[in-house]
Every structure is written in C-alpha cells, then in structure tokens.
Amino acid sequence: MNDKNKRAVDMLHGPIFRKLLYITIPIFLMSTLQQLFNASDTAIVGHFSSAEAMAAVGSNAPVINMIVTFFTGLSVGSNVMLSHFIGKNEENRVNDALHTSFMVALISGFIMLFLGQVIAVPILQLLHTPSHVLPMAQAYLRIYFLGMPFLMVYDFGSAVLRSIGDTRRPLYYLLTAGLINVWLNLFFVVVLKRNADGVAIATTISNGVSAALILRALIKENGMLHLDLRRLSLKWNYVRRILWIGAPAGLQGMIFSISNVVIQAAINLFGSKCIAGNSAALNLEYICYFTVYAFCQALMTFVSQNYAAGTYERCRRTTRIAFISAIGFTAVISLGFFLLRHPLLILFTHDSRVIHYAMIRMLFIALFEPMTALYEVPGASLRGIGRSIIPTIITMLGCCLLRIIYMHAMIKSFTAFYQVVIIYPISWAVTGAAMIIFYFIVIKRAYRARRSL
C-alpha cells in the first residue's frame, strides 16, 4: 500500500459519524491553532506594547478577511473538483487538476500582495480608524499582505490533501509554523520593542514556513497527488470548474466580510477601547465558529465523493449527521467560553474598559454561535454537489445585505455597543431559515435529475 492510500479515508463505505469526525477534528484544530496564533498577535501587543497597537491589529481583521476570503474561497472549488474526480475513480484527471490548482493559488496570492499595498491607507481611513492608530494599522496591513502568496499555497495545499481525507499533515505543518510565529512575536515586540509591524513580520515569516512544508509534502508524494513544479499550468477546463464552485464561495465570504467592515466602522466610533475589546472577544468567537466550519469542510468532501459515486442517500445522511453535530459541539464550546469569559479575556488585556466591551460582544454573539450551522451546513452540502450559487445568494442577502441595511439605518442612533452587535444573531436566524428551505427544494431536484441520466 502506497503512502497516499495509508492516509486516504474511504468516504464511500462504512460508518459516517466516525469518519466525518476523523476528518473534522484536525480541521477544527488547524483553524483553532491558526486563530490562537493570530490571537497571540493581539495578546502580545496588548500586554507588551499598548492598547493602541492592539487596536491597530484588531481593526485590520475585517479588512484582511474581506480580501482573503474571496481568494481562499477558490480553494473550496479545488477541493470539490478533486473529490469529485476521486469519487468517480478518475485518478488520471486528479494530477492535472492539482497542477492547475497550484497555479491558481500562486496567481491569487500575488494579486492580493499588490492589492494590499494599494488599498491599505484608503480603506483604513474609510473605516474611521482613529488617527493615532492609523500609522500602526497601515504598517501592519501592508506587511501582512506581503505573505499572501504563502497563505494561498498553504490553503490550496490543504484543500488538495483534504480531498482524500488527509487533514493531519496540514495540521502538523500549521502547528510548526504557528509556534515559530509566537516565538517571533515575542522576539520582535519584547526584545526589539516593535509594535504592530513586529507581529506582522512574524506572521509573514510563519506563513512562509507553512507553505514550504506543504509544498515539500506534495512534491515528495507518490501517485496522483505528486506535485511537479515544472508542470504548473492553467488548463482552462479545470480553471472553469474551480471558479464555478469556488468563486461564489469566495464572493460570499468577501461580501460577508464587507458587512463586517461596515459594522467595524460603527464599532470604531466607540473609540480604541471598544476596538480592542471587540478584537479580544472576536478571537474567542472565531474558535466557536470553527467547529461549524470544520464540519462543513469535511461534509463538502464527503458529499462530493458520494454524489459523484451516485450514493445519494449517503449524502443525505452525512448532511443530517453534520448538521446535528455542528450545532451540538458548537453549543458546548460557546457555553464554556461564556462561563470562563473573564479569565479568558484577561489573557488579552487587564484594561477594565477593554474587558467591558469584550464581554458585551460575547453575550450577544458567542452564546448564539451555534445558529451559524443553520445556514453553513446546508450550504456546504449544496456546494458538495456543485450547487454553489444558491447558498451564496441566500447568505449575501441574509447575512450581508440585511446587516448593511441595519447599519445604514441605525448608525446615527447608536448609543450603546450592544445595539451594533445584536444584528448578528438576527441575521443568522433569517439566513438559516431561508437556507434550510432552499436546501430541501434544490437537493430533491438535483438527485432526481441525476437518477434520470
């Protein structure tokens, strides 16, 4: 048995929950570790530099997510495409698709590198970033985007390995790079006395490490997942497949982030203490969401392989199991964070005003985080069968347009921070109801159409 088969998971046969969990747990740990390492940026500058430096790092999060999520969404298209070929046992097409995927990753990374340098100042000014925070925020953003090619290579490499159920190697590579990131954060901020720019340099270097490790793994891989850098090319039939599935997912993430940028502008009006507190709570909130995200990533691969193989009832069962599991696991983590909110927030700062704002966000958002599964899980299942446009439209209307309308209508009336963040659970409920209804309509038609072929 070759190296590939040892790490591959048979998603077409056998128990679903155990195999789904086998893939989900490393994805959750990988996302959580990434967020913890990102949180170390905030925590280290908060403890060893200043609240202003902490705000500079935190105010950039929505901007970075807005741009990065579009291009990383393309990796979803790559994952679904490769999983589809594997499900149909078309291994000869996997390797060609692999090389096209990495070329898309490199091109996307360099586009973001240049875009980040151009938009840094105007977009931070548009967000009403306080003038005393702006220089540090600008430096952080520009340095961060220098590492975008590294980030894209790692994301696409992870998507490739995830198509066969191998989520462990990306986890190990991220853990290695993340530990380097934390060490470099301390070195630049504590030893060299840098502020936000120091943690940005550390992040860029660590992204380079994770990209190098995953490239090395795929170059050494045998069989259909072997990467030969000399064969990198753009084969347009595969590019179209990646864009058809990945571009709507990326556009959803980008528009989603635009709504968060609009909300961030309202948060910025409450001052640097609120920005810092919001950033601290957001780090914990992300970890709750990553439970849902991990189940969705595993679900897409499962559904894509089984849909290609024609095992439609297994697709339905996997979606039900992922839906229940995502809500249950997220509820446990969200409640645990809320009960331990004070000692957790002290890890970021001892400033009482910063902690005050962070606790408000946790009360109105973290406790309701399981609601994100209402729209994310059905949407992931639809993407697994290649229906990426419908979940994108529903999410854009419910979680993006609704939030933007609310902010536009209410921003002049805001007198308290909770009035800003309460829109999150409201939009989750609306989007979830619409997504579940459309899931049953679309999935019924899609399976009927496939059977008639």
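**Exercise 1.** Which residues form a nonpolar patch on the surface?

*Solution.* This is a predicted model, in which local features need pLDDT of at least 70, side-chain atom pairs count only at pLDDT 80 or more, and totals for chains, interfaces and linings use all residues. Residues are numbered from 1 along each chain as its sequence is written, and side-chain values use heavy atoms, without hydrogens and water.

Step 1. The patch consists of F48, W183, L186, F187, V190, V191 and L192. Together these residues have about 650 Å² of accessible area (Shrake-Rupley method, 1.4 Å probe, only the protein chains shown counting as cover).

Step 2. Helix 8 (residues 168-191) contributes the largest share, 5 residues; helices are DSSP runs (H or I) of at least four residues.

**Exercise 2.** Describe the aromatic pair of F270 and F417.

*Solution.* Step 1. Rings of Phe, Tyr and Trp (its six-membered ring) pair if their centres lie within 6.5 Å; planes under 30 degrees apart are stacked, over 60 edge-to-face, the rest tilted. F270 and F417 are edge-to-face, at 6.3 Å centre to centre and 70 degrees between the planes.

Step 1. F270 lies in the loop between helix 10 (236-268) and helix 11, and F417 in the loop between helix 16 (389-410) and helix 17 (418-421), so the pair ties together parts 147 residues apart in sequence.

Notes. Patch = residues over 30% accessible without salt bridge, like charges linked within 9 Å, V, L, I, M, F, W, Y side chains within 5 Å. Salt bridge = Lys/Arg side-chain N within 4 Å of Asp/Glu carboxyl O. Helix = DSSP H or I, 4+ residues; strand = E, 2+ residues; numbered from the N terminus.
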